Amino acid sequence: MYKGKELLKVTNLKKHYPVEKNLFGKPKTFVKAVDGVSFSIAPGETLGLVGESGCGKSTLGRCILRLEEANCGSVIFNNEDLYAMSGKELRSARRNMQPIFQDPFASLNPRKTIRQILTDPFEVHKLYNTSERYEQICKLLALVGMRKEHTERYPHEFSGGQRQRIAIARALALNPLLVIADESVSALDVSIQAQILNLMVDLQEQFGLAYLFISHDLSVVRHISDRVAVMYLGKIVEIAPVGLLYSNPRHPYTKALLAAAPIPDPEKKSAKPELQGELPSPLDFTTGCPFFSRCPDKNDLCELYDDAGLKCIDDEHYVSCCGLDF
């Protein structure tokens with residue numbers, strides 16, 4: 001869907017978890033955490049991925065990295081099929097794609113010093129000798145605004161923002177092409193969020209990084225993204241350049257998400273559609289649009305068609321909705 005060269009291309013990716021088995025022990029009921037997702041990311045681009053909790057954003061990121069194995073679909077990264085790889089070949093490909101997790105305290109080994117944590121990527125990929133590794137670690141810490149004196153400390157001796165800086169330094173250790181940031185600032189104070197976001201933007205400009213930035217915070221995604229994909233119950237329902245999506249959202253779910261965002265001045269709040277009810281269980285629906293029960297624009301077609309598929313309605317603006325005539 002992106003007109004430039006594709007660094008990452010995800011096609012019809014699915015991850016279904018069995019939750020109930022029949023008499024013969026075979027799965028008969030599934031949670032469709034990721035259900036036929038397709039998108040692409042160009043070199044140096046940031047794609048924001050937004051949606052309510054439980055819509056499958058984190059599972060999608062883990063399937064791309066193969067921390068979770070997808071049931072079907074393809075992930076082409078740097079012109080190579082990640083799901084056709086194994087062993088050393090996959091390890092080599094992973095060098096160019098790194099994650100940043102939501103909770104830096106949980107993702108950093110509490111028994112290791114920062115020096116040991118940042119040395120691990122070099123040991124796994126057999127890079128540099130001992131003195132060169134220490135030099136590289138000092139450079140990484142300097143990149144994220146920390147000092148070499150921090151190398152012998154443990155994660156619990158740092159604040160949340162400092163731990164996230166260390167997690168970013170670890171992600172950059174191998175000079176990746178793509179970073180998948182999963183709610184990487186959601187656990188931080190607002191002032192620290194701004195610092196980390198600005199740091200990520202600066203590093204992107206310096207190293208030409210591509211980001212898949214997963215978040216539920218619409219204001220954060222707007223600040224950092226080039227394009228935004230909106231996800232609902234395992235499917236992408238709208239994807240567009242950031243300015244176009246925020247100024248002219250077309251899917252009812254996207255409109256409702258933007259309407260739910262807080263506005264500091266109550267006089268400027270306009271009458272926009274609001275979401276009706278709670279996010280349904282992925283087990284509750286079998287046919288029809290999964291957004292049907294909450295949609296203000298629903299019609300009879302919505303109960304009949306399971307997946308309208310993404311349709312291009314404008315330059316690089318794609319929407320999946322069978323109830324609207326574009």
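## Helix 4 and helix 5

Helix 4 and helix 5 lie roughly perpendicular to each other, therefore, in this predicted model. The angle between helix 4 and helix 5 (residues 130-143) is about 115°, and their axes are 10 Å apart. Angles of 65 to 115 degrees count as roughly perpendicular. The crossing of this pair is right-handed.

On the helix 4 side, the contact is made by Ile 114, Arg 115, Leu 118, Thr 119, Phe 122 and Glu 123. Helix 5 contributes Arg 133, Tyr 134, Gln 136, Ile 137, Leu 140 and Leu 141. Sorted by class, the contact of helix 4 with helix 5 has 7 nonpolar, 2 polar and 3 charged residues.

## Helix 4 and helix 6

Helix 4 (residues 114-124) also packs with helix 6 (residues 160-172): their axes come within 8 Å and cross at roughly 25°. That angle makes helix 4 roughly parallel to helix 6, and the crossing is right-handed.

From helix 4, Ile 114, Ile 117, Leu 118 and Pro 121 meet Ile 166, Ala 169 and Arg 170 of helix 6. This contact has 6 nonpolar residues, no polar ones and 1 charged residue. Ile 114 and Leu 118 take part here and are also listed in the contact with helix 5.

## Helix 6 and helix 7

Helix 6 packs with helix 7 (residues 190-207) at an angle of about 15°, and the axes are 10 Å apart. Helix 6 is thus roughly parallel to helix 7. The crossing of helix 6 and helix 7 is right-handed.

In helix 6, the residues in contact are Gly 161, Gln 164, Arg 165, Ile 168 and Leu 172. They meet Ile 192, Gln 195, Ile 196, Leu 199, Met 200 and Leu 203 in helix 7. The classes in the contact of helix 6 with helix 7 are 7 nonpolar, 3 polar and 1 charged.

## The largest pocket

The largest pocket has a volume of about 440 Å³. It is lined by 17 residues, and those closest to its centre are Gln 98, Pro 99, Pro 121, His 125 and Leu 174. Two or more lining residues come from each of helix 2 (87-94), strand 6 (97-100), helix 4 and helix 6.

Helix 4 gives the most to this lining, with 4 residues.

How values were computed. Residues numbered from 1 in each chain as written. Predicted model: local features only at pLDDT ≥ 70, side-chain atom pairs only at ≥ 80, totals over all residues. Heavy atoms only, no water. Axes fitted to C-alpha atoms, helices over the stretch in contact; angles between N-to-C directions. Parallel < 35°, antiparallel > 145°, perpendicular 65-115°, else oblique. Left-handed = near helix turned anticlockwise from the far one by under 90°. Contact = heavy atoms within 4.5 Å. Nonpolar A, V, L, I, M, F, W, Y, C, P; charged D, E, K, R; others polar. 1 Å grid on protein atoms, 1.4 Å probe; cavity = no way out; pocket = protein on both sides within 12 Å on 5 of 7 lines; lining within 4 Å. Points joined across faces, edges and corners; volume = space filled by probe spheres on them.
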